[in-house]
Amino acid sequence: MSTPSPEPYRLHVPDAAIADLRERLRRTRFPDQAPGEPWAYGTDLAYLRELVGYWAERFDWRAEEARLNAFPQLKVPLHGIDLHCLHVPGAGPEPMPLLLLHGWPGSVLEFLKIIPRLTDPARFGGDPADAFTVVAPSLPGFGLSFAPGQPRFSVEAMADCVAELMTGVLGYPRFGAQGGDWGAFVTARLGHAHAESLAGIHLNMMPIPRDPAMVANPTPEERRYLDALTLWLKEEIGYQWIQGTRPQSLAYGLTDSPAGLAAWIVEKFRAWSDCGGDVESVFTKDEVLANISLYWFTGAIGSSFWPYYARMHGPWPIPAGVNVPVGYAEFPCEMLRPPRSLAARTFTAIRRWSVMPRGGHFAAMEQPDALAAEVRAFFRPLRR
């Protein structure tokens, strides 16, 4: 079987699609505001009205599109889909290949700040010997790696697909991988299923089983985590249940209503970031809307739910005993922060565990300097 050939890619959304989005936004039918504090039951009505108005009248998609197109991109036929990725060469004496993996409800747009800090560290005061050549795919089924009717991908299938991208298509027999959210799951799965190709894996979310009864006699630190996990499972995972059990039903509303899509996604950017309740203290409207717009224009929101369905209806995708070198950056506003003792049950070769002073779930957007420094430091002794 011949190796698939990648083709250069540039994003250009048709003018008609942009005009259609604006027309839909102007016709938004809003619900009333639930009683109680703003945001207590989901996205606040006043904020969403403001965001939708900005999206319809002032948001410049072409500017955001140009930011993405400033990076070299490829598409390659792989595992039954046209897989999209950014492929950005490093500026250093011996750049290390690094696979950079996003999650939900994010996209490759999360990485536009951090990629230059990884590919050209000298530009930001770092050592050029720490440079990476970055490969940042749109996860299969997400954004520019989606087309209607294509196969759906579990974590396991995503890992196999991006492993072939790195080794079979791009010719990197040994590489590092980094990820958060589903990207952390896929990165960890690579460490299990494709260990022979991995120099190491770095995570900014710790993907371990989420069972409050996992420890018979917890330490005080483990008890605090298990109590936090119990509360999180009670109050914070409604989105996982609907996305993991009835993804198709939800997809109709979010594919047809841009305001509904914005409400569904912006609530997560607020809840999971280190923003103190003010989402725009961390992200600009343009940054949030660029990500939401990418979901809108690609029609990929329904397909992006599939990893939740696959996880709820299959085994946990990361067996215990992952023994490639592991680094972890624990950001204080990450949704769950398990202690090292529990992480060590899954990952047997933890080399670096850093407690970060600021940041949350979208670390590459929130704290690109800090995360880039951590990634460089972790992989520095693993280069050869």
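D15 is exposed in the predicted model, at 56% relative accessibility (buried means under 20% relative accessible area, exposed over 50%, partly exposed in between, with a 1.4 Å probe and protein chains only). Residues are numbered from 1 along each chain as its sequence is written, and side-chain values use heavy atoms, without hydrogens and water. Because the model is predicted, local features need pLDDT of at least 70 and side-chain atom pairs count only at pLDDT 80 or more, whereas totals for chains, interfaces and linings use all residues.

D15 forms a salt bridge with R62, with 2.6 Å between the closest N and O atoms (a side-chain nitrogen of Lys or Arg within 4 Å of a carboxyl oxygen of Asp or Glu). R62 lies in helix α3 (residues 61–69) and D15 in helix α1 (residues 15–26), so the pair ties together parts 47 residues apart in sequence; helices are DSSP runs of H or I, at least four residues, numbered from the N terminus. R62 is partly exposed, at 26% relative accessibility.

The count comes to 17 salt bridges. Among them, K285 pairs with E280 at 2.9 Å, N to O; K285 is buried at 12% and E280 partly exposed at 32%. In the salt bridge of E330 with R337, the closest N and O atoms are 3.8 Å apart. E330 is buried at 11% relative accessibility, and R337 is partly exposed at 39%. Shared partners join D15, R62 and E65 into one network of salt bridges.

Definitions and conventions
Helix = DSSP H or I, 4+ residues; strand = E, 2+ residues; numbered from the N terminus.
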